[in-house]
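This report describes the packing of secondary-structure elements and selected backbone features. The sequence and coordinates are shown first, and the description follows.

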Amino acid sequence: MANHSDDSGCTQAVEGGRDLIGEGAGSSSRTVSGTGFRTLDDFDVRGKRVLLRIDVNSPVDEKTLRLVDGSKIKSSVPTIRELLDRGAKVAILAHQGRPGDYDFIPLNEHAQYISQFTGRKTRYVDDLLGKHALRAIDTLGEGECILLKNVREFPQEQAKKPADEHAASALVKTLAPKFDLFVNDAFGSSHRSHASLVGFTAVIPSAAGRLMEKEVRTLTRVFMNPKRPSTFIFGGTKFADALQVIETLSERETVDHILVAGLAGYAFLWATGESIGSKTEQLAKKDVTDEIMQRARSLMKRHGGKIMLPADAAIDLDGERVECKLGEIPADGAIKDIGSATIGKFSEVILSSKTVFLSGPPGVFEKPAFCKGTCELFNAILASEAFSVIGGGHSSAAANRLGILEKLSYVSTGGGALERLMLGKQMPVVEALKASAKRA
Ligand code: 3PG
Ligand code: MG
């Protein structure tokens with residue numbers, strides 16, 4: 001373990017870390033099962049102090065400031081439970097919101113959720129680096145767990161710096177000496193190079209948590225080496241974001257079909273010269289600059305064979321669902337869903353696929369009249385033999401509402417992180433974990 005003795009405060013923690021290496025992870029076999037990082041399998045954590053970073057960032061009700069949904073918190077439960085069952089002394093670091101935003105709230109309620117989901121009391125400590133936090137860490141017993149204050153209270157947390165610079169921050173210098181192991185399970189934040197996400201990996205032994213491990217393994221396989229035919233479905237409202245991902249995926253030989261629905265699909269059609277009715281055009285215009293238009297057109301020229309856009313639409317006429325062919329959409333009819341012809345074509349492709357990925361709902365699924373597209377594409381996914389993966393908060397909300405969340409093969413917790421992974425870009429947190437494994 002080179003490079004760790006320069007900061008006096010960290011030496012002790014690193015030395016302690018040497019004892020952590022599990023039996024099966026002797027010096028020659030300290031490789032990390034294909035991911036390049038270490039996991040909980042590589043460490044014996046009994047009686048050790050573990051600093052665990054998770055992503056609990058959840059939607060917050062603007063009026064009550066209470067959490068709207070606890071599903072993201074649930075996703076790190078396997079890691080927390082395993083650490084506690086194996087006798088670790090666990091302190092959790094996490095963030096909620098960003099300073100200045102209404103959802104930048106303390107983590108009391110998150111601690112309640114963790115306690116409820118794990119069945120173990122997780123005490124919230126309203127302090128991060130002060131004497132209360134340090135005392136709470138010092139007095140942790142085996143199998144006990146605390147949650148520290150919102151880590152974005154630390155002013156330098158969100159500074160975009162590399163791992164070694166964050167390692168010199170007060171956050172890392174104060175907390176690292178207290179711990180034997182750092183575990184990062186915050187996949188939803190793995191595209192951020194923030195102090196609590198990458199700083200500790202530079203100075204104490206580090207591992208990926210179970211969620212991080214599962215997300216990186218599953219998603220890397222789906223994006224880089226999917227079972228074929230593979231189909232990628234994009235919906236939602238953000239066409240410019242979707243376009244960037246579609247450009248990248250369409251270049252990959254392993255990607256067979258790209259289906260675009262939602263407002264993104266109609267904005268795409270409009271960018272390529274199709275009329276979508278003036279009401280929807282107003283919305284599409286916000287996202288389609290001249291440059292986007294050029295890119296969309298050139299993409300269709302290069303890869304139009306694998307990209308399918310909507311063939312018809314369901315519009316909202318005084319709250320009623322009315323289906324129209326393209327070119328026949330009335331000026332005052334806002335498109336809220338894909339129509340039956342599109343559903344039929346897309347379903348056919350889905351049914352013959354071996355991998356299906358969906359990001360962003362195909363229509364305004366919250367309104368019963370416009371849920372048909374979302375509902376039927378999900379039905380096709382479930383009726384197919386495909387390994388099914390969905391990502392992004394809105395897609396999970398749609399699947400949850402339809403009661404089929406549990407029936408999908410995999411539901412990712414990633415939003416921005418997932419997108420970055422899809423684009424094949426480096427993930428700072430994954431890189432930091434890999435660098436830590438190499439140093440060991
Ligand atoms: C998220 O929910 O997107 C992650 O927790 C990261 O949060 P951020 O987008 O505020 O950095
Ligand atoms: Mg975000």
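An open sheet is built from 6 strands in the order 3-4-2-1-5-6, with parallel pairing. Its edges are strand 3 (122-124) and strand 6 (206-208), each of which pairs on one side only. From one strand to the next, the twist averages 25°. The model under discussion is predicted.

At one end of this order, strand 5 (residues 181-184) and strand 6 run parallel and are joined by 3 bridges. Asn 184 stands opposite Ala 208 of strand 6. Helix 3 (residues 77-85) packs on the sheet, where it touches strand 1 (49-53), strand 2 (89-93), strand 4 (145-147) and strand 5. The direction of helix 3 makes about 180° with that of strand 1.

**Helix 4 and its surroundings**

Helix 4 (residues 108-118) is mostly covered, with 8 of its 11 residues buried. These are Glu 109, His 110, Ala 111, Tyr 113, Ile 114, Ser 115, Phe 117 and Thr 118. The buried residues pack against helix 2 (71-74), helix 3, strand 2, strand 3 and strand 4. After helix 4 comes Gly 119, with a positive phi near 75°.

Among the residues of helix 4 is Glu 109. Its relative accessibility is 11%, and because buried means under 20%, Glu 109 falls in that class. When neighbours within four places in sequence are left aside, Glu 109 is in contact with Leu 65, Arg 66 and Leu 67. Leu 65 itself is found in the loop between strand 1 and helix 2, and its 38% relative accessibility places it among the partly exposed residues.

**Two helix pairs**

Two packed helices are described by the angle between their axes and the distance between the axes. Helix 3 and helix 4 pack at about 70°, with their axes 10 Å apart; the two are therefore roughly perpendicular to each other. The crossing of helix 3 with helix 4 is right-handed. Val 77, Ile 80 and Arg 81 of helix 3 meet Ile 114, Phe 117 and Thr 118 of helix 4 in this contact. By class, the contact residues comprise 4 nonpolar, 1 polar and 1 charged.

A second pair is formed by helix 10 (residues 239-250) and helix 13 (residues 290-303), whose axes come within 11 Å and cross at roughly 30°. Helix 10 and helix 13 are therefore roughly parallel to each other, and their crossing is left-handed. Helix 10 contributes Phe 239, Ala 240, Leu 243, Gln 244, Ile 246, Glu 247 and Ser 250 to the contact, while helix 13 contributes Ile 292, Arg 295, Ala 296, Leu 299 and His 303. This contact has 7 nonpolar, 3 polar and 2 charged residues.

**Strands 10 and 12**

Strand 12 runs antiparallel to strand 10 (residues 312-317), and 4 bridges join the two.

Ile 315 lies in strand 10, and its bridge partner in strand 12 is Ile 335. With a relative accessible area of 0%, Ile 315 is buried. Although Ile 315 and Ala 334 are 19 residues apart along the chain, their C-alpha atoms are separated by 5.3 Å. Beyond neighbours within four places in sequence, the contacts of Ile 315 include Val 322, Cys 324, Ile 329, Ile 335 and Phe 370.

**Backbone features**

Most residues other than glycine have a negative phi, and most peptide bonds are trans. The table lists departures from this pattern.

| Site | Backbone value |
|---|---|
| Leu 65 | positive phi, near 60° |
| Asp 318 | positive phi, about 55° |
| Arg 228 to Pro 229 | cis peptide bond, omega near 0° |

Asp 318 is found in the loop between strand 10 and strand 11 (320-325). Is Asp 318 buried or exposed? Its relative accessibility of 83% makes it exposed. Pro 229 has its place in the loop between helix 9 (210-224) and strand 7 (230-234).

Technical notes: Residues are numbered from 1 along each chain as its sequence is written. Chains are lettered from A and ligands numbered from 1 in the order in which they are written. This is a predicted model: local features need pLDDT of at least 70, side-chain atom pairs count only at pLDDT 80 or more; totals for chains, interfaces and linings use all residues. Side-chain values use heavy atoms; hydrogens and water are left out. Axes are lines fitted to C-alpha atoms, for helices over the stretch in contact, and angles run from 0 to 180 degrees between N-to-C directions. Angles under 35 degrees count as roughly parallel, over 145 as roughly antiparallel, 65 to 115 as roughly perpendicular and the rest as oblique. A crossing is left-handed if the near helix is turned anticlockwise from the far one by less than a right angle, and right-handed if clockwise. Contact means heavy atoms within 4.5 Å. Ala, Val, Leu, Ile, Met, Phe, Trp, Tyr, Cys and Pro count as nonpolar, Asp, Glu, Lys and Arg as charged, and the others, Gly among them, as polar. Two strands pair if DSSP finds at least two bridges between them. Buried means under 20% relative accessible area, exposed over 50%, partly exposed in between (1.4 Å probe, protein chains only).
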